[in-house]
Amino acid sequence: MPIAINGSGTVTGVSVGGLPDGIVDTDMLAASAVTDAKTNLTGAIKAWVNFNGTNSNLNGSGNVTSVTDNGVGDFSVNFTNNIESADYCVTGWADNWETTNADSYGLVAGHSNTCLATDGCRIVTRRMRFDSATPVAKDFPHTCIGVIH
């Protein structure tokens with residue numbers, strides 16, 4: 001029998017371990033599916049944030065409660081729900097500080113060798129120019145990171 005959901009949300013055609021009809025409802029199925037996807041899916045984005053580095057305001061986020069400004073170009077990203085372990089990947093992006101200068105780029109990197117924790121991560125942002133030798137700590141108006149686990 002195929003699985004079907006009618007207009008009132010009733011699911012038919014589902015066999016759950018031999019339990020009698022009515023024991024498992026759609027709310028339980030949906031809650032379990034969401035919980036399982038959040039906690040057991042590997043290789044998925046577990047947290048993300050787009051924030052303004054000049055004032056730490058969040059432009060958008062998922063599983064991030066706040067960003068703490070630790071100084072120029074130094075931020076702590078605080079997770080709403082802990083990640084299962086600190087063995088995750090952070091990818092980042094920062095906008096071009098000088099907007100029209102093709103020689104200026106934003107870099108997002110880890111703060112140290114111990115910057116990953118289950119409750120958050122610490123990142124640094126640097127302005128890179130290929131016509132000057134030293135990267136400079138900078139707060140970018142748009143800084144984005146994604147956490148993959």
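Guide: E84 is partly exposed, since its relative accessibility is 42%, where partly exposed lies between buried (under 20% relative accessible area) and exposed (over 50%), with a 1.4 Å probe and protein chains only. This is a predicted model, in which local features need pLDDT of at least 70 and side-chain atom pairs count only at pLDDT 80 or more, while totals for chains, interfaces and linings use all residues. Residues are numbered from 1 along each chain as its sequence is written, and side-chain values use heavy atoms, leaving out hydrogens and water.

Visitor: Which side chain meets E84 in a salt bridge?
Guide: A salt bridge requires a side-chain nitrogen of Lys or Arg within 4 Å of a carboxyl oxygen of Asp or Glu. The N to O distance for E84 is 3.5 Å, and its partner is K46.

Visitor: Is K46 buried or exposed?
Guide: The relative accessibility of K46 is 12%. Because buried means under 20%, K46 counts as buried.

Visitor: What is the distance between the closest N and O atoms of R122 and D74?
Guide: R122 forms a salt bridge with D74. R122 belongs to strand β10 and D74 to strand β6, so the pair ties together parts 48 residues apart in sequence. The closest N and O atoms of R122 and D74 are separated by 2.6 Å.

Technical notes: Helices (H or I, at least four residues) and strands (E, at least two) are DSSP runs, numbered from the N terminus.
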